[in-house]
Amino acid sequence: MNKTKPFEISKKVVMEAYEQVKANKGTAGIDEQSIGKFEENLKNNLYKLWNRMSSGCYFPSPVKAVKIPKKNGGKRTLGIPTVTDRIAQMVVKLYFEPDVEPYFCQDSYGYRPGKSALDAIAITRQRCWKYDWVLEFDIKGLFDVIDHELLLRAVTKHTDSQWIILYITRWLSCPFQTSTGEIIERTAGTPQGGVISPVLANLFLHYAFDKWMERNNPQNPWVRYADDGVIHCKTKEEAENLLIKLKERFAECKLELHPDKTRIIYCKDKKRTDDHQDIQFDFLGYTFRPRNSQGKDGEQFLNFLPAVSNKAIKAMGQTIRGWRIHRRTDKKLVDLAHVVNPIVRGWINYYSRFYKSAMYQILHRLNWRLSRWVAKKYKRVHTSQRGAWNWLVKMAERNPKLFVHWQFGSIPTVR
């Protein structure tokens, strides 16, 4: 370690940070420098970054502001740092995350090593069977409104490393730059898109919500994934009172509950038969609601279960349409498989974990798109859509592993 530098930062950690940023891919920041461009002078670029960070003279560039559509309409602003800044943030993350991670609560699942959204879905499913009511909540614009003073107070509670505090402070105050070159100063928030932002958001909510719940409402189990969460309650009155207290708590922390995404839901099933207006909620791409189930003895009953949400189905359908499979008549069937399989594999791995039969409708739609491709490509042979479909059936019988969804069980059958 170079003792002439005011801050001791390992060159090996800088290299590890670069490798992780490269693996995560991502687009260029305001300097339009891609990972590939950065690598053209890799050794020198990494040395310069290490030297500046170790010397205390590293200052981040403005963050590139990019508008992306939300699933429920409207747009959110992503902040894209430059490649150099992403590596610098990863350096801080590699040092800082091990300091805070042991303090985080068991039921915080978002952006944490060894935890996943599916883990959050699994525990929520179990608790919905035990508790009659759920308070579903969403924090409005979390990454845009996090209070810097409160956040830095939490950061300094977990580290006395001056260079970590210094660079986190600089990132928090770093302005946005739009596509037109306009500079937008920031006084709150940590840009969604930054490498360090998920850790900082989790740290903020650890004190704003997680520890507050454990201290003041230990009888109510909860699950939080970033800014989305659910709290389980025994009665509607308990849920209503908790909602009032939660609004007050978030107001203290300068946060606000999203009015359209915060609701109280009744977990109706075979044991709970009362009629209430709200009996379903969406969480992490799954819809929890009463569904028909079958016991080991063949008996049908109503169960409160998660399955892929209609919003997720709609998004997958848009992706399938965007492939424009029926127009790729210059390709072979195996070429189409190479295009769709990686994405469909991700869908199946995530959305088929619970109540997997709900996935068949979207996978059948993909088969229908493939049959349209057959009809276009071999139109002299197959003069009808049925003939094209039957051709696809034969191909599935010959090579059932060609497409991932065929292996999953969504194989076209003769009509």
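## Overall architecture

The chain holds 15 helices and 11 strands, where helices (H or I, at least four residues) and strands (E, at least two) are DSSP runs numbered from the N terminus. This is a predicted model, in which local features need pLDDT of at least 70 and side-chain atom pairs count only at pLDDT 80 or more, while totals for chains, interfaces and linings use all residues. Residues are numbered from 1 along each chain as its sequence is written, and side-chain values use heavy atoms, with hydrogens and water left out.

Along its principal axes, the C-alpha trace spans about 75 × 60 × 40 Å. Of the 415 residues, 50% count as buried (under 20% relative accessible area, with exposed over 50% and partly exposed in between; 1.4 Å probe, protein chains only). Among contacts (heavy atoms within 4.5 Å) between residues at least 6 apart in sequence, 68% join residues at least 24 apart.

## Ser-309

Ser-309 sits in the loop between strand S11 (300–308) and helix H11 (310–323), and Ser-309 is buried, with a relative accessible area of 4%. When neighbours within four places in sequence are left aside, Ser-309 is in contact with Asp-282, Gly-285, Tyr-286 and Thr-287.

The chain carries 69 positive and 43 negative side chains, the centres of the two sets lying 10 Å apart; Lys and Arg count as positive and Asp and Glu as negative, whereas His and the chain ends are not counted, and each charge is placed at NZ of Lys, CZ of Arg, CG of Asp or CD of Glu.

Arg-327, in the loop between H11 and helix H12 (333–351), is exposed, with a relative accessible area of 57%.
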